[in-house]
Amino acid sequence: MEGGERLLPKGFPKLKNDTFLRAARGEETEHTPVWCMRQAGRYLPEFRETRASQDFFATCRSPKLCCELTLQPLRRFPLDAAIIFSDILVVPQALGMEVVMVPGKGPTFTEPLKEVEDLLKLRQKVDVTAELGYVFQAITLTRHSLEGKVPLIGFSGAPWTLMSYMVEGGGSTTMAKAKSWLYRHPEASHQLLRLLADIIIDYLVGQVAAGAQALQLFESHAGHLGPELFQDFALPYIRDIAQSVKSKLKEEALPLVPMIIFAKDAHYALRDLAHAGYEVVGLDWTIRPQEARAQIGKHVTLQGNLDPCALYAPKEKIGELVKKMLESFGTQRYIANLGHGLYPDMNPEHVGAFVEAVHAHSRHINKHS
């Protein structure tokens, strides 16, 4: 650790609140657990202050800063889980690609993949401990620093989402360049997706070895694929990641942690995702809870799915929307969350109102059911 002794991934404090983990495993809970995607984010003044003088990816490479940013929302809100502060694009960086955070534009690849031959520029074998050890150090430090307050979630981007950034060179409204690869260069696309999946598997296993108590896979760009492209280029790797991670965790005598798949806008794939090997399926805000439950069944926990923009509403309205969401999903086999991450201009007090409403209404429903 910077200027200090590196903590080891053992002797972690005893977990005091395991509600999130119990819900993920389908066990009964007294209240519905709640956390927020991007809960460590720019909506918090203390986050902006901590990040003020640092380059974004330099922050990601600092275990001490990642730990601090992860803990900040836990100091404000009674959340039921922490998620390590990092970024999905550290994986392309591990492959040798340069990514910079451009103010007002977002993540930008200095040399995106343009031709199939560009795949040769990527590292074909990645030592995740050498390339991404800073994430593992951040997880270990944070797990110790949480003092057992709540579980710590690790994560990665899924192969298609990472590929789309690597080909587009950044964000895109159409993903036309990346999708053109799927149609024009299917073999090369699979080659890249396989390379990414193999790294992601080792990366997620490494996170558990470092102390992560749950894992989330973000297929954030699933909505750009229709059912057929998703079946061919996303789902096989999503399935393989779950299966291979669990197999390697067993081999290495590591805890079999719950895994969450969040495939944004992939309504067409919910039944497939329910059988992809994940304990939890995350949902965006564009699907009705009852429809999701009907498609996914009762043997997988659901997570989501309040429209993030609902947090712009008055606090009383947030409470009403949360109550309706809990009544629709049910309070069991359910983890409350937003349908996507928190936005930078959101009022922290409204985030607090969301968290508190989930706890209050779920306890009330459980008590009277």
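Biologist: Which residues line the largest cavity?

Modeller: The lining is made up of Ala263, Ala266, His267, Leu270, Gly282, Leu283, Asp284 and Ile287. A lining residue has an atom within 4 Å of a grid point of the space, on a 1 Å grid over the protein atoms alone. This is a predicted model, in which local features need pLDDT of at least 70 and side-chain atom pairs count only at pLDDT 80 or more, while totals for chains, interfaces and linings use all residues. Residues are numbered from 1 along each chain as its sequence is written, and side-chain values use heavy atoms, with hydrogens and water left out.

Biologist: What is the volume of the largest cavity?

Modeller: The volume is about 30 Å³. The structure holds 1 cavity of 30 Å³ or more. The word cavity applies where a 1.4 Å probe fits but cannot get out. The volume is the space filled by probe spheres set on the points, which are joined across faces, edges and corners.

Biologist: What volume does the largest pocket have?

Modeller: The largest pocket has about 1400 Å³. A pocket differs from a cavity in being an open set of points, with protein on both sides within 12 Å along at least five of seven lines. There are 46 residues in the lining of the largest pocket, and the closest to its centre are Arg38, Arg42, Phe56, Asp87 and Met101.

Biologist: Which elements each supply at least two residues of that lining?

Modeller: They are α2 (45-51), β2 (99-102) and β3 (106-109). The largest share, 3 residues, comes from α2. These names are given to DSSP runs, numbered from the N terminus: helices (H or I) need at least four residues and strands (E) at least two.

Biologist: How many aromatic pairs are there?

Modeller: The count is 8. One of them joins phenylalanine 56 and phenylalanine 85, with 6.0 Å centre to centre and 75 degrees between the planes. Rings of Phe, Tyr and Trp (its six-membered ring) pair with centres within 6.5 Å, and planes under 30 degrees apart are stacked, over 60 edge-to-face and the rest tilted. At 6.0 Å and 75 degrees, this pair is therefore edge-to-face.

Biologist: Why is it said that this pair ties together parts of the chain?

Modeller: Phenylalanine 56 lies in helix α3 (residues 56-60) and phenylalanine 85 in the loop between β1 (82-83) and α5 (90-94), so the parts tied together are 29 residues apart in sequence. Both phenylalanine 56 and phenylalanine 85 are buried. Ring pairs also link Phe47, Phe56, Phe57 and Phe85 into a cluster.

Biologist: Why is the pair of phenylalanine 218 and phenylalanine 262 called edge-to-face?

Modeller: Their ring centres are 6.2 Å apart and their planes stand at 80 degrees, so the pair meets the edge-to-face rule. Phenylalanine 218 sits in strand β5 (residues 214-219) and phenylalanine 262 in strand β6 (residues 259-263), so this pair links distant parts of the chain, 44 residues apart. Phenylalanine 218 and phenylalanine 262 are both buried.

Biologist: Why is histidine 359 called buried?

Modeller: Its relative accessible area is 8%. Buried means under 20%, exposed over 50%, and partly exposed in between (1.4 Å probe, protein chains only), so histidine 359 at 8% counts as buried. Histidine 359 belongs to helix α15 (residues 348-368).

Biologist: With which side chain does histidine 359 make a polar contact?

Modeller: The partner is the side chain of aspartate 80, at 2.7 Å. A polar contact needs N or O atoms within 3.5 Å, one able to donate a hydrogen and the other to accept it; residues adjacent in sequence count only if both atoms are side-chain atoms.

Biologist: What makes threonine 161 count as buried?

Modeller: Threonine 161 has 0% relative accessibility, so it is buried. This residue is in helix α7 (residues 159-168). A polar atom of its side chain lies 3.0 Å from the backbone nitrogen of serine 220.

Biologist: Which residues is valine 34 in contact with, leaving aside its neighbours within four places in sequence?

Modeller: They are Leu79, Asp80, Ala81, Ala336, Phe354, Val355, Val358 and His359. Contact here means heavy atoms within 4.5 Å. Valine 34 is in the loop between α1 (19-24) and α2, and at 0% relative accessibility valine 34 is buried.

Biologist: Is leucine 338 buried or exposed?

Modeller: Leucine 338 has a relative accessible area of 0%, so it is buried. Leucine 338 lies in strand β9 (residues 334-338). Beyond its neighbours within four places in sequence, its contacts include Met37, Leu283 and Phe354.
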